[in-house]
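Student: Could you walk me through how to read the core and the pocket of a protein model?
Tutor: Gladly; let us look at one together.

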Amino acid sequence: MPSDIERAIATRRAEELYANLTRDDGFPCFVKSMLRSHVDRGFWLGLPISFCREHLPTHDEKITLVDGSWKEFRTNYLVQKLGLTKGWRQFAMFHDLLDGDALVFQLIEPTKLKVIY
């Protein structure tokens, strides 16, 4: 389990990246700090309500996550729960994500999110 300081450092780095992205290209994005339930057991990733309502489909849909190498992972977006399931587990495990990591999600197409960490 990460310390509060480690979690704060990871989040600050992600927020700095987020600030640069929003200034540079205008694609909507958000920062998400990983919790144990996101990366171990459960593997459910809730997304920010305002981001979902403003930018994501209004029905259940496949959302593709793209990493820095442009490798794609298909996930299920559940609109009633405002989150990702299914392929999210594969993405988290492939990238060895840990409790305390902070990621930036950037919408690059209507159903495609680039994930930067």
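Tutor: We will take the nonpolar core and then the pocket. This is a predicted model, in which local features need pLDDT of at least 70 and side-chain atom pairs count only at pLDDT 80 or more, while totals for chains, interfaces and linings use all residues. Residues are numbered from 1 along each chain as its sequence is written, and side-chain values use heavy atoms, with hydrogens and water left out.

Student: Which residues have the most contacts inside the largest nonpolar core?

Tutor: A nonpolar core is a set of buried Ala, Val, Leu, Ile, Met, Phe, Trp, Tyr and Cys residues joined through side-chain atoms within 4.5 Å; buried means under 20% relative accessible area (1.4 Å probe, protein chains only). Here the largest one has 25 residues, and Leu47, Leu56, Leu65, Tyr77, Leu84, Trp88 and Phe105 have the most contacts inside it. Another core, of six residues, lies apart from it and includes Ala10 and Cys29.

Student: What does Phe105 touch?

Tutor: Contact means heavy atoms within 4.5 Å. Leaving out residues up to four places away in sequence, the partners of Phe105 include Leu65, Trp88 and Val115.

Student: And how many residues line the largest pocket?

Tutor: On a 1 Å grid over the protein atoms alone, a pocket is an open set of points where a 1.4 Å probe fits, with protein on both sides within 12 Å along at least five of seven lines; lining residues have an atom within 4 Å of a point. In this model 15 residues line the largest pocket, with Ala10, Arg13, Gly100, Asp101 and Ala102 nearest its centre.

Notes
Buried means under 20% relative accessible area, exposed over 50%, partly exposed in between (1.4 Å probe, protein chains only).
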